[in-house]
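Please open the model in your viewer and follow the stops below in order.

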Amino acid sequence: MWGCWIVFLVIVIGNVVQSTVFHISRVKKSWVSAIEYCKCYEMRLAVVDTLEKQKLLEQAIVGSPIFSKKYTTVWIGANDRETEGHFVWQPTGTAVQYSNWGPTAPNKRGRNKNCVHLVYSENRIFEWDDWRCQRESNVACEKIKDCD
Ligand SMILES: [Ca+2]
């Protein structure tokens with residue numbers, strides 16, 4: 001798995017350096033299993049709450065062995081499992097503000113589509129899409145580290 005680690009986005013606040021580390025799984029998991037998968041590495045599902053993190057996650061995916069230009073899909077932490085149409089980040093419950101939905105997403109008709117994945121294919125360049133949480137996908141985990 002070490003080959004998949006990418007460190008990026010270093011923010012310095014006073015003497016504290018905050019950095020985000022992404023891990024893109026080689027295995028495919030359901031969204032709920034993806035939570036446990038990230039926890040096992042003491043990480044969480046990726047919280048893509050800024051354009052900067054979106055862009056850097058895209059780089060991490062492109063650089064990972066699972067990336068295919070034909071079709072790549074990766075779970076992130078956004079979901080509306082509790083209240084239909086109200087997307088929040090797992091595990092904090094913070095409302096989703098920044099987003100990168102594709103033109104037809106989120107698809108409110110699909111009531112069972114409560115978990116969000118990034119999709120890359122010929123005409124979908126890392127768009128967000130709401131998907132059935134039981135589907136299996138590669139997983140984007142992240143860890144935020146504060147270091148003096
Ligand atoms: Ca939904």
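Which residues are exposed on the other side of H1? They are Glu36 and Cys40, where exposed means that 12 or fewer other C-beta atoms, placed from the backbone, lie within 10 Å of a residue's own, buried means 20 or more, and partly exposed lies in between. This is a predicted model, in which local features need pLDDT of at least 70, side-chain atom pairs count only at pLDDT 80 or more, and totals for chains, interfaces and linings use all residues. Residues are numbered from 1 along each chain as its sequence is written.

Select helix H1, residues 31-40; helices (H or I, at least four residues) and strands (E, at least two) are DSSP runs numbered from the N terminus. Trp31, Ala34, Ile35 and Cys38 are its buried residues. They lie on the same side of H1 because they cover an arc of only 105° around the axis, taken from the directions from the helix axis to the C-beta atoms. After H1 comes Glu42, with a positive phi near 55°.

Next, select Ala46. Its contacts (C-beta atoms, placed from the backbone, within 7 Å) include Phe22, Leu57, Ile76 and Ala140, not counting residues up to four places away in sequence.

Finally, display strand E8 (138-147). Strands pair if DSSP finds at least two bridges between them. E2 pairs with E8 in the antiparallel sense over eight bridges, and Ile24 stands opposite Ala140. E3 runs antiparallel to E8, with two bridges; Leu45 has Cys141 as its bridge partner. E4 and E8 run parallel, also joined by two bridges, and Trp75 is partnered by Val139.

Notes:
Contact = placed C-beta atoms within 7 Å.
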